[in-house]
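Me: I would like a close look at a single part of this model. Please keep the answer plain and define the terms as you go.
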Amino acid sequence: MRRVLRAVVVVTVLAAAGWYGWRWLFPDDRAQIHAMLQRIADGVSSGASETEMGRLSRAVALRRDFDPEVTVDAGAPFQQLKGRDAILGTAAKLQGSTRNLEITLDDVTIEVDDARESATANLIAQAHFDDGGGTRGFDARELDLTLTHIDGAWVVSTVTLVRTLRRLDQP
Amino acid sequence: MALPRWFAGARPTRTAMRIAVMIVLAVIVFRYLLLPVRGVGISMEPTMVQGDLVFIDKLRYHFREPQRGDVVAVRIAGESVVLVKRVVALPGERVGFDRGVLRINGVPVDEPYVKTSSDWQLNDASLAAGEYFVVGDNRSMPMRLHEMGAADRDRLIGPKVF
């Protein structure tokens, strides 16, 4: 009995290791998109003691993750942005003006179309930052993203804010 | 290798069973029954302050509709981050603020949970079917900085229980 149990445990462990190994070597579209979105979040975040050069180089590295014609509408106080260069310029400015900015992503849901040419993602982007008063500021927004598969890689095409609450004092 | 008595007790099998039952119960409770929420921000002061831990009843709204006065969790994209606000107006009602006083269908409403005065001004606006107006209790902050508005019924996870 003990031998059978040991064999079952060994087979289960090997099967799990094989499955995770296969997923790691050949990530599916959802995993690729998730990793890309996490890379963007890490790229926009900035440490408290990070140098200007470090921030800029990470912002520039984000180029490959955006469609050249990307549009971003993340809600006030951010303006609507069009084009990859505008996005990267804003990301660099944000890093420079916001101390110890940390962006995290939660509740990420990704749907890929059958032709694997486009995908949508819905997520919460949380921002934690030093607010200058000795405490940590916080903001969280729900975002809808559309992504396009170009030359074997997924890129972000649009980012739109989802308004959780309908403001009655605004049109 | 025998487990030490102080860890496993006199009956290790029974101890292991109890631990397993507690884990299953914790999963059931915190996945399907209660949502723990830790407060961030000042919009619900003094009812809820920064760092407060509250629990949201996830089943209640399956059996009844949200009621005026309920302190509710409002879902954003999922349940990792939620807004905690108070329901002050129900579907179909007209809601507004006049010099900081809440008005429902043109009638001023007493709000004993609001401890600060405010100068909020909001023209009366109608809520659609299935919309609930939610707002924080801290009216001392500028209205434009306060997250409030009409929430769809399906975004209301449940009321605070404790």
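What does B:Phe30 count as at 42% relative accessibility?

Reply: B:Phe30 counts as partly exposed, because its relative accessibility is 42% (buried means under 20% relative accessible area, exposed over 50%, partly exposed in between, with a 1.4 Å probe and protein chains only). This is a predicted model, in which local features need pLDDT of at least 70 and side-chain atom pairs count only at pLDDT 80 or more, while totals for chains, interfaces and linings use all residues. Residues are numbered from 1 along each chain as its sequence is written, chains are lettered from A and ligands numbered from 1 in the order in which they are written, and side-chain values use heavy atoms, leaving out hydrogens and water.

Four aromatic pairs are counted over all chains (rings of Phe, Tyr and Trp, the last by its six-membered ring, pair if their centres lie within 6.5 Å; planes under 30 degrees apart count as stacked, over 60 as edge-to-face and the rest as tilted). B:Phe30 and B:Phe55 have ring centres 6.2 Å apart and planes at 40°, so this pair is tilted. The pair links distant parts of the chain, 25 residues apart: B:Phe30 belongs to helix 2 (residues 12-33) of chain B and B:Phe55 to strand 2 (residues 53-57) of chain B. Helices (H or I, at least four residues) and strands (E, at least two) are DSSP runs, numbered from the N terminus.

B:Phe55 counts as buried, because its relative accessibility is 14%. With B:Phe162, the residues B:Phe30 and B:Phe55 form one aromatic cluster.
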